[in-house]
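Okay, thanks for coming, everyone.

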Amino acid sequence: MITRQRLAAGACTLLAALTAGLLPAATGTAFADEHRGGEGPAPKVELVLDVSGSMRTRDIDNGTRMAAAKQAFNEVLDATPDEVELGIRTLGADYRGDDRKEGCKDTKQLYPVGVLDKSARTEAKTAVATLAPTGWTPIGPALLKAADDLEGGEATRRIVLITDGEDTCAPLDPCEVARDIAAKGINLTIDTLGLVPDAKTRDQLSCIADATGGTYTSIRHKEELSDRVNQLVDRAAEPVVTPVAVEGADQCAKAPKVGSGLYTDREKFGEHRWYQVDVKPGQELRASVSVAADRQVDNDYGVLLRAVTVHGREIVRGESAGSGRTDVISAGLRYPKADPDDTDGEGDPETVCLQIGNSFSAPASVKKDPGLPVELTIDLVDGPSDSSDVAFFGLGRGWWLLGALAVTGFLAGVLWGWLARWRGAVRRSI
């Protein structure tokens, strides 16, 4: 039995090595024309911390959730880049009573948004050290106040929400609050971190993050919390790609022209939208699309991204489908435009029509407007010119990969047969 297991393991290892050797490494996608912000005002970040009574729970590395949050804040305050203006807001930190109306007003700015010098870092740490788990969980009101704290100027803005439970102040839905903030177009992102979250908390925090293009992270250990908050604060200091708003058409002939860059749009449930891209000979078009399910959707959904000619002939497509709860679903494609036979001239660009479609549906009680957030990435780069590029062999169309796997399977089969015969010969000789 041991011999058989070793032979099987060896064959699997060899198969993996053969496959890795036959398949070229994938190349990364680079923006040819990024919409990046240059030197400008300092980015602003506000950390919004839940200090409600449930933060007393001891389930993070044998300590309370509050203790983990305090440790993370101390480390983040030490590591915040000098070019970032940082502030701290709390929710549920003061009111201890049972009056829900009063409890839902319980949010305050613990430390104002500003540059952190040495004395400011010490002052902010002291303020955090005094916090004790107390009251309700007014996430919606806290997000509204945090957005006000970050108002003014053209700086990029980020809210990092850290909580262990869902909002307790309905009917002010924090997900609707996040959508309203996003609709203002004030360049504000909300990232959410759930401390040992249950399913309802995950769904709500994911919805808040999706509405503003942020991220959701589930946290179960102190180091995870410290590392993630540090990453998000550091990200605020980095140059970012600013999406450009565009409105797709209902047919190719009316579609707007787009070039390399990042674009945002909204698409209704079951809708198809079109965009035009001019691809020069010798270029490769790389496109990807993500559709965010920022509200409750039915099971079974899909996203389609097609490239077709102006006459309607399909060139290439990418599609993705799923069933169950999702936050984002994506698809992508690659289309290399061959150089003209006549090398004396560059040739005319080809207008390629990109079609984005989705098969999302939702219960009757769910709002259908505005449409689902769509993010479209377009990249026009020099086309493949040698065998090191996967697309040069048609991997995007699938046949080269199929051939590579067939050859790999054949070689692995021959090797396995040889090993089996050798093992039989050894057994007979014993």
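So, a definition to begin with: the expected span of a helix is 1.5 Å times one less than its number of residues. Helices here are DSSP runs of H or I with at least four residues, strands are runs of E with at least two, and both are numbered from the N terminus. Now the housekeeping: this is a predicted model, so local features need pLDDT of at least 70 and side-chain atom pairs count only at pLDDT 80 or more, while totals for chains, interfaces and linings use all residues. Residues are numbered from 1 along each chain as its sequence is written, and side-chain values use heavy atoms, with hydrogens and water left out.

Let's start with α7. How far apart are its end C-alpha atoms? They sit 18 Å apart, which agrees with the 18 Å that 13 residues should span. Just past the helix, G213 has a positive phi of about 75 degrees.

Quite a bit of α7 is listed as buried (under 20% relative accessible area, where over 50% is exposed and in between is partly exposed, using a 1.4 Å probe and protein chains only). Among the buried residues are L205, C207, I208 and D210. Their cover includes α5, α6, β6, β7, β8 and β15, going by contact, meaning heavy atoms within 4.5 Å.

Next, a helix pair. The axes of α2 and α4 come within 10 Å and cross at roughly 175 degrees. Axes are lines fitted to C-alpha atoms, for helices over the stretch in contact, with angles from 0 to 180 degrees between N-to-C directions. Therefore α2 and α4 are roughly antiparallel, a label for angles over 145, with under 35 roughly parallel, 65 to 115 roughly perpendicular and the rest oblique. From α2, the contact uses K70, F73, N74, L77, D78 and A79, and from α4 it uses R121, A124, K125, V128 and A129.

Most residues other than glycine have a negative phi, and most peptide bonds are trans. N62 has phi near 65 degrees, in the loop between β2 and β3, and N62 is exposed at 74% relative accessible area. V196 has phi near 45 degrees and sits in the loop between β7 and α7. Finally, the D369 to P370 peptide bond is cis, with omega near -5 degrees, and P370 falls in the loop between β16 and β17.
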